[in-house]
Amino acid sequence: MLMAAVFDLFDGLVARKLRSSPMGAELDNLSDLISFGLAPAYFVLVYGMVADDAYQRVSALAAIVVLLAVVLRLARFSCVTLKDGMFQGMPSPFGALTVVSIVLLELPFVPTLLAIIGVAWLMVSRVEYPKPRGVLAVAMLSWIVAAMGLLAAWAFDAPGGQLLLQTGCALQVVLGAVIPLFATARRVNTFRDNRREARAAQLP
């Protein structure tokens, strides 16, 4: 998923450079569905199977919700035109990494389940997210590379690897929660500014 997120940062640039055909867009959606829909959904399903037999059905339902959220997110991306530089709903790569981070934090089952459903809701919501371009793209790439390093430290049982992994997962979850708050605050401020301009225009 991390490698797919890296490729997802650059696929648009490569497509523009190589003048891709319409089939490229369909293949892009298909690869996103597999990498950021099926993969995290399978992760959630296995989490429920390992956690407790009583949680298997609920985890299966949560996995289906995640998968359907990504399907709807990708479908809306293909048919809805937004202002340049913005996404509507949490991007599926960011959502997939957040879902996996929630599971890896090893929180109690109910908070984990609620957080996963919350991420699925954010993916299909109308909250606006900035597209990763320029400095933001570099920051996103740096974060993904850092996450790969944290995973490697954990996988090879490096000293403090478990703590490093959970710290990285916690930061990912915090980012997933904070960005919608900033987006909502920006939208409220824009609405207020528009109302003030409208009132000013009505004054004699």
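**Entry 1. H2 against H3**

I looked up how H2 passes H3, and the crossing is right-handed. I note here that the model is predicted. H2 covers residues 22-51, and H3 covers residues 56-79. I needed an angle and a distance, because two packed helices are described by the angle between their axes and the distance between the axes. For H2 and H3 the angle is about 165°, and the axes are 8 Å apart. An angle over 145 degrees counts as roughly antiparallel. H2 and H3 are therefore roughly antiparallel to each other.

Which residues make the contact? On the H2 side I wrote down Asn29, Asp32, Leu33, Phe36, Gly37, Leu38, Pro40, Ala41, Val44, Leu45, Gly48 and Met49. On the H3 side I wrote down Gln56, Ser59, Ala60, Ala62, Ala63, Val66, Leu67, Val70, Val71, Leu74 and Ser78. I then sorted the residues of this contact by class: 16 are nonpolar, 6 are polar and 1 is charged.

**Entry 2. Asn29**

Asn29 is found in helix H2. Is Asn29 buried or exposed? The relative accessible area of Asn29 is 15%. The cut-off for buried is under 20%, so Asn29 is buried. Which residues does Asn29 touch, not counting those up to four places away in sequence? I found Leu74 and Ser78.

**Entry 3. H2 against H4**

Next I checked H2 with H4. The axes of H2 and H4 come within 9 Å and cross at roughly 15°. An angle under 35 degrees counts as roughly parallel. H2 and H4 are therefore roughly parallel to each other. H2 passes H4 in a left-handed crossing.

The contact uses Phe36, Pro40, Phe43, Val44 and Tyr47 of H2. From H4 it uses Ser92, Pro93, Ala96, Val99, Val100, Val103 and Leu104. I count classes again for H2 with H4: 11 nonpolar, 1 polar and no charged.

**Entry 4. Aromatic rings**

How many aromatic pairs are there? The count comes to 2 aromatic pairs. I took Tyr47 with Phe109. Their ring centres are 6.1 Å apart and their planes are at 15°, so the pair is stacked. Tyr47 sits in helix H2, and Phe109 sits in helix H5, residues 109-124. This pair links distant parts of the chain, 62 residues apart. Both Tyr47 and Phe109 are buried.

Then I took Tyr55 with Phe109. This pair is stacked, with 3.8 Å centre to centre and 5° between the planes. Tyr55 lies in the loop between H2 and H3, and Phe109 lies in helix H5, so the pair ties together parts that are 54 residues apart in sequence.

I compared the accessible areas. Tyr55 is partly exposed, with a relative accessible area of 30%. Phe109 is buried, with a relative accessible area of 11%. I put Tyr47, Tyr55 and Phe109 down as one aromatic cluster.

**Entry 5. Positive phi**

Glu106 has a phi near 60°, a positive value in a residue other than glycine. Where is Glu106 placed? I found Glu106 in the loop between helix H4 (92-104) and H5. Glu106 counts as exposed, at 59% relative accessibility.

Asp157 also has a positive phi, about 55°, although Asp157 is not a glycine. Asp157 lies in the loop between helix H6 (135-155) and helix H7 (161-202). At 69% relative accessibility, Asp157 counts as exposed.

**Entry 6. The whole chain**

Last, I stepped back. The protein has 7 helices and 2 strands. Along the sequence I read the pattern α-α-α-β-α-α-β-α-α. There are 204 residues, and buried residues make up 33% of them. I also looked at contacts with a separation of 6 or more: residues 24 or more positions apart account for 78% of these.

Technical notes:
Residues are numbered from 1 along each chain as its sequence is written. This is a predicted model: local features need pLDDT of at least 70, side-chain atom pairs count only at pLDDT 80 or more; totals for chains, interfaces and linings use all residues. Side-chain values use heavy atoms; hydrogens and water are left out. Axes are lines fitted to C-alpha atoms, for helices over the stretch in contact, and angles run from 0 to 180 degrees between N-to-C directions. Helices (H or I, at least four residues) and strands (E, at least two) are DSSP runs, numbered from the N terminus. Angles under 35 degrees count as roughly parallel, over 145 as roughly antiparallel, 65 to 115 as roughly perpendicular and the rest as oblique. A crossing is left-handed if the near helix is turned anticlockwise from the far one by less than a right angle, and right-handed if clockwise. Contact means heavy atoms within 4.5 Å. Ala, Val, Leu, Ile, Met, Phe, Trp, Tyr, Cys and Pro count as nonpolar, Asp, Glu, Lys and Arg as charged, and the others, Gly among them, as polar. Rings of Phe, Tyr and Trp (its six-membered ring) pair if their centres lie within 6.5 Å; planes under 30 degrees apart count as stacked, over 60 as edge-to-face and the rest as tilted. Buried means under 20% relative accessible area, exposed over 50%, partly exposed in between (1.4 Å probe, protein chains only).
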